[in-house]
Each structure stands twice: as C-alpha cells, then as structure tokens.
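Let's take a walk through this structure together, one stop at a time. Have the sequence and the 3D view open as you read.

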Amino acid sequence: MAGLFVAMYQLVDYSEQKDLVDRQRYQVVTLGKAITNAESGQRGYLLTGHTLFLDALEQGQAEAMKAISLLEHDLDTSSAARPLLANIKQLVQQKFNAMDKSVQVQMHAGEYAPHLSLSRDRGRELMKLIDGQLAQIDEQLLIKRQWFEQAIRNRILASVTVAILLSIVIISVLVFSYRSTTLLLEQVMENQAVAKQLSHQADHDLLTSLPNRRSVNVYLESTYEMARIGSKQFAVFFMDLDGFKRVNDAYGHDVGDALLIEVANMFKRVLRQSDFLARQGGDEFVLVVSSYLHRLELTQLAQRLIHLFAQPVVVRGIPLEIGVSIGIAEYPHHGKNVKQLLHVADKAMYDSKKNGKNRFSFGE
C-alpha cells in the first residue's frame, strides 16, 4: 500500500515537472515567434512607411520580453539553460536596439537611407545566433522532458503492479474490500475519462473543436468506400479564407484565432447535419457533402457559404473584411480516389483565388 502511494505521489510530481518543461518549451517557441513578428513589423514599416506596422513591432518586442521573463522565472537556478538564456537576452536586446535604430533613421532619413542594408545584415547575424541558442535550450528541455516521460511510465508500471497485488489482498480480506474497491473503481473511471478526452483531442482541432486533418482522411476514406460500393457520388469543398493573413498582421494572432472560431460557427449554421466540416490547418477548411442529387445543390451551398462574408465579420468589436475561396471536386467525375479528389479541390480553390477571390470553382 505504501509503495502504491509513493509511486502515485512521484507520478503526480513528475507529471507536474513535465508540464513545467512543456510550458518552458512553449515559451521558447513563443520567443522565436515574437522576434519574427517584430521583424515583420519592422520590415513592413521600412518598406511602406505605414505606422500601423510599428504596432506589430512593439507587440512582438513586448511578447519576446515577456517570454524571456517567464523562462527566467521557471528555469531552475542550476539549469544548464540559464547561461544560454542570459546570452539570448543580450542578443535579443541588441536586435531590438538595432530594429529601433533602423526605424528612427528611417523616420528621419527616408526610405532610401543607406544604413538599411547594413541593418538587415546585422539583424540576420543576430537572428542566426538567437535561433542557435534557442535550439540548444529546446534540445536540453526535450531531453529533460523525455526523462520525465520515462519516469512516469516506470511509475505507472509500478502502480499497476502494486494495484494487482493489492487487489489479491483485497479479495482475500473481504472485510476491507469495499473501501479499496471503490477507490480503485474511481481511479479506473478517471483514467477512462482522460483516455476519452485524449482521444477527442487527437481527432479534433483544439481551437475550433472541429475535426482535424487526421479526421478528414479517415472520414473521406470511409465515404469513398461507401460511395464506391453503392455507386453514389459525393463532393469535397476545399475552402481558404481570403484576407486572413492581413487580419493576423494587423491585429495579432489572438484576434486571428477568435476569427477562426467565429468562421467555423458561421459555416456550421448553414450546413446540414449530414455534412462533414473540418479544419485542415491554418485558415483552410474541408467540407464533405455526401448526400446530394444535382450539381446545382453544390452551387447553391457554395453561394450560401460565400454570402456569409457579404458583411464584415465582427470579432471582439472589430469589423473584419474577409472572404472565402472555394474549390469543389466531385466523385467520381474529378477523381477515382481520395488523394485525387483533394488535389483537384485544392487546385480549384487556387483557381478561385486567381480569378478574384471570394468565389467558387469546380475542378477540371
């Protein structure tokens, strides 16, 4: 019994330590993205002179310093990553100083100032050093995470072994069986709930709760087999949002994420229960229509989806002007297997973008 409690205590402790390492790795990624976003803001201003890009520069700098602060707080004082983080902090400060200086010179000297090429070269050197240091930190954290994962697996195995022995004792000593059996049942139910949640996360997009790319492939294979056996037809819509990158650049990824959630809900409001909607990744969505008689139904559905964006989409009080480009492929007319259908739908979507965006095209 004591061994089980010790193993469970260690399991909880190692799980918390692994979660801490995951948070640290997330901050490493966030730091790299923040510097990249700041660079994008700087380049946007230097190229266009539009002060809106300065907001992205300032936001990227703020996010980078916040990520460094969180890493400084979370890393152990004895961690080998601390000296690397100190070097990164100095390099990041140098890079941001160079960015700010180039912006100031641009303001006073104009867009053809001769310092700009030198500033870009120096910025690339600093970014290369920063990326190298970040990669080293992430490698150290990954090794630490793998150690915790192995330790957790060992504790789980120990817990299961002890639980089996404990069950034998409980069966032998019926007087004490009720309480122990109840605790064991609660643990099993908790594990089942966790397993169900993990299974859902593996097949669904964490942001929009729609099925993800993996679910698309599974669903399409199943639909294809039923259509092939029953000589039926189905259609694949490949949808890509127009203007989404502009929203991300202008308002940040938080607003972009909120926009994706709103768009997913808008799509679901005009679809039938039998239609399958999934997020393929980024701002791309896949729709499978497995029950229709005539192409006109697909045309009307595409028009309804496009009409959703006739007015700006309001997210967090911000009216955002976006659209959707749609490519449509039909089985069996446009492909004899799932891979061909996705390729045709994807190409048709790009045809829609080339022909003016916010429209639909059927595959060839």
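Start at G252: just after helix α7, this glycine takes a positive phi of about 95°. Helices here are DSSP runs of H or I with at least four residues, strands are runs of E with at least two, and both are numbered from the N terminus. Before going on, note that this is a predicted model, where local features need pLDDT of at least 70, side-chain atom pairs count only at pLDDT 80 or more, and totals for chains, interfaces and linings use all residues. Residues are numbered from 1 along each chain as its sequence is written, and side-chain values use heavy atoms, with hydrogens and water left out.

Now step back into α7 itself, residues 244-251, where F244, V247 and N248 are buried (buried means under 20% relative accessible area, exposed over 50%, partly exposed in between, with a 1.4 Å probe and protein chains only). The spacing makes sense: an α-helix has 3.6 residues a turn, so residues three or four places apart point the same way. Over on the other side of α7, K245 and R246 are exposed. And what do the buried residues of α7 pack against? Their partners are β1 (234-242), α8 (253-270) and β5 (318-320), with contact meaning heavy atoms within 4.5 Å.

Rings of Phe, Tyr and Trp (its six-membered ring) pair if their centres lie within 6.5 Å; planes under 30 degrees apart count as stacked, over 60 as edge-to-face and the rest as tilted. The count by this rule is seven aromatic pairs. F148 is buried, at a relative accessible area of 8%. Another edge-to-face pair is F267 with F309, whose ring centres are 6.0 Å apart and whose planes are at 80°. Since F267 lies in helix α8 and F309 in the loop between α9 (295-307) and β4 (313-315), this pair ties together parts that are 42 residues apart in sequence. Both partners are tucked away: F267 is buried at 0% relative accessible area, and F309 is buried at 6%. There's also an aromatic cluster, formed by Y224, F234 and Y331.

Next, head to strand β7 (residues 360-362), where you'll find S361. Is S361 buried or exposed? It counts as buried, at 14% relative accessibility. Setting aside neighbours within four places in sequence, S361 is in contact with I326, G327, I328, A348, D351 and S352.

Finally, zoom out. The chain has ten helices and seven strands, and buried residues make up 42% of its 364 residues. Among its contacts with a separation of 6 or more, 71% are between residues 24 or more positions apart. How far can you trust each part? The mean pLDDT (the predictor's confidence in each residue, from 0 to 100) is 84 for the chain, and 88% of its residues reach 70 or more. Confidence is highest in β1, at 96, and lowest in helix α5 (residues 177-203), at a mean of 62.
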